[in-house]
Amino acid sequence: MTYTEPQVIINRTEVRHSPLLGRYLINGREAIKSSDILIEELPFALGPKCNGPVLCLVCFIPLPEDSESYEDEHCPQCGWPLCVECQNNENDIVYHKKYECSLFSKNKVKFYNLPSNAKGWCPQLDCITPLRVLLAKEADPERWEKEVAPMEYHDKERRENSELWNADLVNIAQYLRGPCKLADRFSEDLIMQVVGILEVNAFEGRTLQGYAFRALYPITGILSHNCVPNTMRSIYPSEDYRIRLRAMVDLESGQQLQHSYSYTLYGTAQRQEHLKAGKYFTCDCKRCKDPAELGTNFSTFKCSKCEDGWLLCQDPLDASTEWKCTLCEFKTSNEAVQKAISVMQAEVAQVQSMDMSGERLQETERLLKKYRSVLHPLHFIQISLKQNLVEMYGRVAGYEMVELPDVLLERKEEICRHVLRVLNVFEPGLSRTKATILYELHVPVVLLAKSGFIAGVLAGAKLKEKLEEAIAILRECVNILKYEDQQSHEGVLGLVAKQAMEQLMQSVEGLDGA
C-alpha cells in the first residue's frame, strides 16, 4: 500500500470551530447536489479492531488459534499473524513490513498465539492499530500535527472508566513501552492519546472479502453528529482504502456536514446510550428531542389501557421522564419501559443467534406477532425483526424465492416497504441500507406481476405498470450503489441490480412491441 498522491482532497468544505462542537465541517461554497464528493482522503493508518480474534494483520481474515493449524499462518520474519496469501503477495506484505514487522523482529517481540480470552478476543493484537498510528506519526509529523493531534480523545472521561482505561494501559501502552521497547520513542500519555483518538474517531470498514477493520481519517473524522445524517462515506479497499465523503442529500452553502456516530435504526434511548458510552456526549438533534422520532413512532408503545392510544415519552433526553398515553390518562415510568425493551431485546437476540433456517424465520414471525399488541408497527424492535425477515424470505431452506407462494411474496413486499418507510426518514437520499432493501423489494414486485399475468388477473397494461415500478425501484438502488467500490459486496450488488434493471427494461420494450 503506497501513497503517491495528495492524501487529502477537500473540494468544498471548510473547517470551523465552536466551544460546543469543537472542530466541525461545513459546505463552504455554493449549494451542491446529492452525490457530489466533499472530501477524498487516504487513511492516516488502519488496522484490526480492538477486542477481536487472532487475524491476519494485512487482510484481517480470522486465523486458526490452534498451534498446528497456525503453523503456516504467520510472518516468516516476525512470527506475528499473517495468512499464506498475504505472505505470497508482495504488495500486501510490504504494508506489514512498513509498520510493525521490522520492529517486532528487531526487538524479538513474540506472538504467543494463545487462545482468545473468554470473551473471544486476542488482547495481544489490541496494540497493532495504535502502533501503526504512532509509526505514521514519525513518518509524517506534519500531517500528525496538522490533522491528527487536534482530534478529540476525551481523556478525562476515558480515565473515569477505570476498567477500560486500565485494560488499554496494560494491553497497549505498557506493552508497547515494555516488551516492544518503545519507551524512548513514545510516552505513556502519547500512546493513551492515540488509543483515545482511535476510540472516539476511527471508522469501521470492511475489506473486499467482508472482514472488519478500523481506519483513521483525520479530516472526515471531525464531522459532527446527527441522527439524520446528510453525508455518506464510502471506503474503497481496492484504492488504498481511501474514503470518499459525498452529500447524501442536496446541501445549501454554509450548511453543517453531519454523519451518524450511531446506528440510525436504534431507538432514541439506545442511540443515546451508545453515544454516551463511546463518544461521551448527549445528542440533542431534532430527532432525539421528538418523542415520535420525526413522525415514525420508532420508539412508541401501544397503550395497555385503551384501544387506540399510543404511549410516548414526554422528554426523550430525560432518563426520569414519564411515558403517557395520547388518548387516556395512563402513564408509566421510563424505567418500566426500558426494562420491557430489555426483555424483548433478549428474546430477539436469542432468535437471531439461531442458524439461518426455516425455524429461525418462523420464530422471527412469531416474535413479530407477539409484539404486535405491545409495539407500534414501526417500532425499532419490529423493524429489526422485519429486516431479518427480508433477508430470510427467498434464501432459507423451504422458503427459497422460486418456492414462495404469492401470499409470502406479498409478505416480503410488505415488510420491505415498512423498513423503507423509516429509512426514507432517517437516511434520506444516498443510503446503502436503503439500496439493499430496494433490491430485495424489486423481486416480489416482479414475481407477483408475472404471477398475476399468468393467472389472468393482470392485463398487459397493468403488467407493464408493475414492471416499470420494479425498474424505478432498481434505478434508485443502482443510483446509490454506483458510488461504492465496484469490487465490494455493495458494488457487486449494484452491478447485479443494473443487469436486472436492463433485463426488465427489455421485457417492457417487448410488451410495447407485442
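How do the axes of helix H15 (residues 432-454) and helix H16 (residues 460-481) cross, and within what distance do they come? In this predicted model, local features need pLDDT of at least 70 and side-chain atom pairs count only at pLDDT 80 or more, while totals for chains, interfaces and linings use all residues. Residues are numbered from 1 along each chain as its sequence is written, and side-chain values use heavy atoms, with hydrogens and water left out.

Back to the opening pair: the axes of H15 and H16 come within 9 Å and cross at roughly 165 degrees. Axes here are lines fitted to C-alpha atoms, for helices over the stretch in contact, with angles running from 0 to 180 degrees between N-to-C directions. Helices (H or I, at least four residues) and strands (E, at least two) are DSSP runs, numbered from the N terminus. H15 and H16 are therefore roughly antiparallel, a label for angles over 145 degrees. Their crossing is left-handed, meaning that the near helix is turned anticlockwise from the far one by less than a right angle. The residues of this contact split into 16 nonpolar, two polar and six charged. Contact means heavy atoms within 4.5 Å, and the H15 side includes Leu438, Leu441 and Phe453, while Leu463, Ile473 and Leu481 are among the H16 residues they meet.

Helices H11 (residues 334-352) and H12 (residues 358-371) also have axes that come within 9 Å and cross at roughly 165 degrees. H11 passes H12 in a left-handed crossing. Here the contact residues come to five nonpolar, two polar and four charged.

Helix H7 (residues 162-177) has a bend of about 35 degrees at Leu169, taken as the angle between axes fitted to the seven residues ending there and the seven starting there. Leu169 is also one of the buried residues of H7, along with Trp165 and Ile172 among others; buried means under 20% relative accessible area, and exposed over 50%, with a 1.4 Å probe and protein chains only. The buried residues of H7 pack against helices H4 (128-139), H6 (155-160) and H8 (188-201).

Out at the surface, His17 in strand E2 (residues 13-18) is exposed, at 60% relative accessible area. Glu329, in the loop between strands E14 (322-325) and E15 (331-333), is exposed too, at 75%.

Methods:
Nonpolar A, V, L, I, M, F, W, Y, C, P; charged D, E, K, R; others polar. Parallel < 35°, antiparallel > 145°, perpendicular 65-115°, else oblique.
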